[in-house]
Amino acid sequence: MTRKDLVYRFMCGSIVRVEDLCISEMKLLPVIFLLALTSATSALDNGLMRTPPMGWMSWERFRCNIDCENDPKNCISENLFRDMADRLAEDGWKEMGYDHVMIDDCWSSMLRDKDGRLQPDPQRFPGGIAKLARYLHDRGLKLGIYGDLGTHTCGGYPGTTLDKIDTDAQTFASWGVDFLKLDGCYSNEEEQQKGYPLMSKALNATGRPIGYSCSWPAYRGGLPPSVNYTLLGEICNLWRNYDDIQDSWDSVQDITDWFFDNQEILQPEAGPGRWNDPDMLIIGNFGLSVDQSRSQMALWAIMAAPLIMSNNLRTLSSEARAILQNGAAIAINQDPMGVQGRRLLQERSHIEVYWRPLSQSASALVFLSRRQDMPYRYHTSLAKLNYTAGSYEAYDVFTGETLSGLSATTEFTVSINPSGVVMWYVYPKMHYEHPQDDGRYPYIRQKYRMSSSLRFHKPRVVPPSLL
């Protein structure tokens, strides 16, 4: 059962899809770069989530499964969240940055306690939320929890009405919660207008640093004038803009299309401490192929999106683990400059090109195939993508190969699998050979100074900017 089965969401506005369109009029990269740096200057002043948050969330994979009698391993219970915490702590996830375990809907009792406070279901969470939080904290992890600004959550559990905002914020803080996702089922526009800012104020008033995710835009159509992104950036660390993700490539494409069709509005709003959230990573579930899984990882990295997995970490395949733990993709996503990327081209061949500026004069490129027939050989050059003259290196995120001796005008070809991607980390060669180099890049300076011809080779290590 999806959230749409639980409650009807009215999404205003429409999306116009343009078939077989080649966008030839591209923005100049320096202009985009300047706009990106000068936008998103106002953010929630809690010092949290200066890079997109990373972790694991229960909803997409486990939904509202409360049948612990017949399905004890997969029901929404403290055992499930302890299991996922153990996996994050023991299987290398925490070291990669995945440090949040986030409870979604259906965790609470159907009734508040005698003092009007939320309480966990006593059968499924017999130890209580505070004990679960301590379990995570002892392992260097953080606990997220779910609430809803309305009479009920989307699953029908007690919501947070306006008169309960302070109580619930204080309750979460007393439990040691580190993150709150506040949904918006069973609330109206007036209640949302009041409630989301009030919860931000109430969380800050607890004195505990609690990251704050607002679902407000998703209930107002995701776009101005119904959505005030200036205000959102002042009260929330991240926000859900659009529909819930489902376990399918169609869902990933629908979300991607909406975000990049509206990139002129959405891209300037993201930055350190304030992120657009296209929803969870579904890599490792049932709906995506390996190529489609790489595509989601690459696109979420380009979007500077939160990397919140929703899968079963206990049974994850080696292919899914390799994608989700790809250090280069994560480093691109976590780039401290925090500029959300953009779609540059939609070709008639159904190849799309995406770009994101990164720290240290680097950038990321993604070549995405929307084709369904066979691998496509796409010919282009950096100059055609509006890179300036110079010498570059390109590190292939998913193969580990490096393209050396690449000038802006050098023609190159990438072979892209159907519904797959080629993702490059691109950096100017001279950046690492400058006489005034501060010495942080001896590997790059020594190894690539000798490269004068265009060739592929395997690097011994990932470029330092990605470590």
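A disulfide is taken here as a pair of cysteine sulfur atoms within 2.5 Å. The structure is a predicted model, in which local features need pLDDT of at least 70 and side-chain atom pairs count only at pLDDT 80 or more, while totals for chains, interfaces and linings use all residues. Residues are numbered from 1 along each chain as its sequence is written, and side-chain values use heavy atoms, with hydrogens and water left out.

The chain contains 17 helices and 17 strands; helices (H or I, at least four residues) and strands (E, at least two) are DSSP runs, numbered from the N terminus. Of its 467 residues, 57% count as buried, where buried means under 20% relative accessible area, exposed means over 50%, and partly exposed lies in between (1.4 Å probe, protein chains only). Among contacts (heavy atoms within 4.5 Å) with a separation of 6 or more, 73% are between residues 24 or more positions apart.

A search of the whole structure gives four disulfides. With bonded cysteines counted along the chain, their pattern is 1-4, 2-3, 5-6, 7-8. In the disulfide of Cys64 and Cys106, the sulfur atoms are 1.9 Å apart. The torsion about this S-S bond is about -115 degrees, so the disulfide is left-handed. Cys64 lies in the loop between α3 (59-62) and α4 (78-90), and Cys106 in the loop between β2 (100-102) and α6 (128-137), so the pair ties together parts that are 42 residues apart in sequence. Cys64 is partly exposed, at a relative accessible area of 28%, whereas Cys106 is buried, at 1%.

Cys68 and Cys75 are likewise joined by a disulfide, with an S to S distance of 2.0 Å. Here the torsion about the S-S bond is about 105 degrees, so the disulfide is right-handed. Cys68 is partly exposed, with a relative accessible area of 23%, while Cys75 is buried at 1% relative accessibility.

Another disulfide connects Cys214 and Cys236, with an S to S distance of 2.0 Å. Its S-S torsion of about -95 degrees makes the disulfide left-handed. The two cysteines belong to distant parts of the chain, 22 residues apart: Cys214 is in strand β5 (residues 211-214) and Cys236 is in the loop between α10 (229-235) and β6 (238-240). Cys214 and Cys236 are both buried.

Strand β4 (residues 179-183) pairs with β5 in the parallel sense over four bridges; two strands pair if DSSP finds at least two bridges between them. Within this pairing, Phe179 stands opposite Gly211 of β5. Strands β5 and β6 also run parallel and are joined by two bridges, and Ser213 has Leu238 of β6 as its bridge partner.

A right-handed β-α-β unit is made by β4, helix α8 (residues 189-205) and β5. The crossover is right-handed if, with the strands pointing away from the viewer, the path from the first strand over the helix to the second runs clockwise. Gln193, found in helix α8, is partly exposed with a relative accessible area of 44%. Leaving aside neighbours within four places in sequence, Gln193 is in contact with Trp216 and Leu231. The C-alpha atoms of Gln193 and Trp216 are 8.6 Å apart, and the two residues are separated by 23 residues along the chain.

The whole structure holds 17 aromatic pairs. Rings of Phe, Tyr and Trp (its six-membered ring) pair if their centres lie within 6.5 Å; planes under 30 degrees apart count as stacked, over 60 as edge-to-face and the rest as tilted. Trp93 and Tyr98 form an edge-to-face pair, at 5.3 Å centre to centre and 80 degrees between the planes. Trp93 is buried at 0% relative accessibility, and Tyr98 is buried at 0%. For Phe260 and Tyr354, the ring centres are 4.6 Å apart and the planes are at 65 degrees, so this pair is edge-to-face. Phe260 in helix α11 (residues 249-261) and Tyr354 in strand β10 (residues 351-357) are 94 residues apart, and the pair links distant parts of the chain. Phe260 is buried at 2% relative accessibility, and Tyr354 is buried at 0%. Ring pairs also link Trp56, Phe62, Phe81 and Phe125 into a cluster.
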